[in-house]
Amino acid sequence: MTTHTQTGTVTDIAELRRLSARTRQLILETVHHAGAGHVGGPLSVADILVNLYFNRLRIDPENPGDPARDRCILSKGHSSIALYTVLALRGYLPVEELATFDAIDSRLQGHPDLRALPGLDMSTGSLGQGLSPGIGMALGARLAKLDFHTWVILGDGEIQEGQIWEAAFVASRYRLHNLTAIVDYNRLPQFGWPDASGFTRDEPIDDPGGKFAAFGWNVIEIDGHDHDALGGAFDAAVAHRDGPTVIVAHTIKGKGISFMEHEYNWHATPPDEQQLADAVAELQGALA
Amino acid sequence: MSATQTLLATEPRNAGVREAWGEGLVALGNRYANLVVLDGDLANSTKADLFAAAHPDRFFEMGIAEQNMLGVAAGLATTGYVPWISTFAAFVAKRALDQIRVVIAQPSLNVKMCGAYSGILPSKTGKTHQSVEDLAVFRAMPHVVTIAPADAVELQAAMAAMMEDVRPTYLRVTRDASPVIFADDYVFEFGKAHLLRRGSDLGIVGTGVQTVRALEAAELLEAEGISAAVLHVPTLKPLDVDAICDLAAATGLIVTAEDHSIIGGLGSAVAEVLSEHIPTRMRRVGLQDTYGESGPNDALLEKYGLTPRHVADAGLELLALKAGAKATGK
Ligand SMILES: Cc1ncc(C[n+]2csc(CCOP(=O)(O)OP(=O)(O)O)c2C)c(N)n1
């Protein structure tokens with residue numbers, strides 16, 4: 001049974017899984033239609049976004065500018081199509097509008113543009129920048145005595161950027177318990193670090209949780225494709241009152257499509273007609 | 001174009017520019033509950049420490065981490081606060097530039113980026129702490145208002161206007177005390193240049209504290225029998241195109257004066273305007289595509305060609321060229 005509350009919240013695990021599959025299908029169809037766009041990262045982060053937007057964030061698509069709303073920054077902005085898809089399913093824009101992704105005059109810019117589409121909380125696209133505005137929002141909440149929570153989604157390749165660690169240090173100094181970072185830990189960036197063989201890839205950064213812990217963060221490690229675990233980690237992050245939390249979500253780049261998983265060449269390659277049909281069949285088979 | 005003599009102070013006096021900035025922040029902090037200050041470990045240099053003492057709950061030390069600081073400012077701006085940045089011009093304009101581009105300029109968020117110790121006089125600290133390209137950088141960024149006040153009075157007037165404006169803004173602040181040229185009731189207007197002195201032989205266009213030296217240059221020229229007008233341009237963007245063209249039409253020769261590289265700053269801005277609207281022979285006084293070095297103020301101004309004498313000489317050179325052209329019929 002699905003449990004939609006009046007604000008559109010979904011807690012039922014089977015329904016969340018259906019939403020994830022629908023999100024993945026729309027991502028692939030949209031990128032195929034646009035003939036451009038990222039694939040591996042959006043598939044990797046899909047479950048995180050679905051669970052946040054349907055199960056966690058206190059938001060209202062009818063009132064996207066509400067000062068008291070929870071904030072969400074997709075710092076790995078190249079996965080924009082995943083965010084646009086979830087926002088569409090959540091009621092921020094018509095699902096048909098996804099067909100304008102990357103087209104001229106579209107609200108759905110290649111990377112999220114704060115001014116283009118209601119529901120976006122920050123412009124991103126230049127990696128490493130999203131955690132800092134998250135700190136600003138968390139400080140703003142504290143100053144204004146609002147209890148909203150700020151969520152920032154980072155890529156594991158992205159956290160090679162130095163600014164992330166400037167931000168990690170400052171968030172911890174201000175003990176910002178109203179700020180949670182989620183690392184989409186899929187162990188592949190774009191080209192990556194070739195290992196000795198030259199054919200496979202070493203992960204861009206090892207043990208991100210340990211590194212955040214060294215900066216004073218509360219660390220939670222989970223399977224980032226398990227809706228039960230995601231919901232539990234989000235609860236635990238909000239309940240933690242002694243400084244910021246990072247959720248290290250262990251994920252798979254290209255998740256859900258066997259021939260895309262763990263394959264860095266699917267970072268930003270649009271699927272052709274046949275590949276799209278195969279992928280959709282796989283997604284539907286997994287739900288059956 | 002009318003000479004605005006009433007704008008000018010009548011009594012000569014000096015005033016600290018960074019002190020005026022710190023005191024200005026305190027006063028605006030009293031008026032605006034949403035004004036916050038972010039500091040990059042330089043508050044006792046920039047004088048943001050005055051604000052920290054007056055409004056400790058709205059002062060946020062961000063440590064020596066400028067990229068993060070500008071990003072934090074963007075986040076605060078989305079929650080209705082107006083962040084003012086306290087660091088040196090050299091660092092705000094370059095160390096955090098991509099952050100400014102993506103999360104402040106592109107979404108046009110209301111962040112007030114202040115560059116202290118601007119120009120080449122940051123107290124003997126040399127080229128790492130001087131900033132000779134900050135105006136060029138910010139002027140080239142879409143959406144960013146770029147201001148270089150001439151003195152402490154104009155600085156505070158600009159700050160007051162900035163709080164009533166929602167655009168991302170760069171405000172250039174110098175370190176040392178300097179002569180006050182504007183009267184206390186001066187009102188700042190975005191995009192408005194001021195004719196400070198009438199003249200017919202030559203027009204001098206100044207920005208920032210170089211306007212003070214431009215006025216001195218006009219005095220030197222007057223003693224030599226030459227009538228030089230002085231136009232002060234406090235906002236490089238938006239630029240007062242009409243005032244610059246009017247000055248060129250009235251004088252026929254233009255010298256620009258800035259404590260900044262002649263590439264990309266005031267000299268470039270004026271050349272762009274004149275060559276499009278009213279081609280005019282000109283000279284650009286400023287740093288000639290070079291970085292500075294450490295040294296006492298007087299020695300730096302002399303070596304890098306920024307004294308009133310240098311400005312006056314550039315004018316004389318133009319007048320000589322004009323006379324030569326007349327003589328040879330060109
Ligand atoms: C500052 C910056 N450098 C480089 C890029 C180009 N780029 C886009 S995505 C990407 C790889 C990101 O890897 P990761 O953060 O792990 O994301 P995911 O694998 O989840 O897609 C790169 C290098 C960028 N957008 N920004």
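This report covers the ligand site, the cysteines and the domains of chain B.

The model is predicted: local features need pLDDT of at least 70, side-chain atom pairs count only at pLDDT 80 or more, and totals for chains, interfaces and linings use all residues. Residues are numbered from 1 along each chain as its sequence is written, chains are lettered from A and ligands numbered from 1 in the order written, and side-chain values use heavy atoms, without hydrogens and water.

**Ligand site.** The ligand is surrounded by 18 residues, each with a heavy atom within 4 Å of it. Lys76(A), His78(A), Gly157(A), Leu188(A) and Lys253(A) are the closest. By class, the shell holds three nonpolar, nine polar and six charged residues; Gly counts as polar, and Asp, Glu, Lys and Arg as charged. The table gives polar contacts, which here are pairs of N or O atoms within 3.5 Å.

| Residue | Protein atom | Ligand atom | Distance |
|---|---|---|---|
| Leu127(A) | backbone N or O | nitrogen | 3.0 Å |
| Gly157(A) | backbone N or O | oxygen | 2.8 Å |
| Lys253(A) | side-chain N or O | oxygen | 2.7 Å |

On its own the ligand has 590 Å² of accessible area, and the protein covers 76% of it (Shrake-Rupley method, 1.4 Å probe).

**Cysteines.** Over all chains there are zero disulfides, taken as cysteine sulfur pairs within 2.5 Å. Cys72(A) is buried at 3% relative accessible area, and Cys245(B) is buried at 14%. Buried means under 20% (1.4 Å probe, protein chains only).

**Domains of chain B.** Domain 1 spans 13-179 and domain 2 spans 194-328; the bounds come from an automatic or database assignment. Their C-alpha centres are 27 Å apart.

Terms used:
Polar contact = N/O pair within 3.5 Å; in protein donor to acceptor, adjacent residues only side chain to side chain. Buried < 20%, exposed > 50% of the residue type's maximum accessible area, 1.4 Å probe, protein only.
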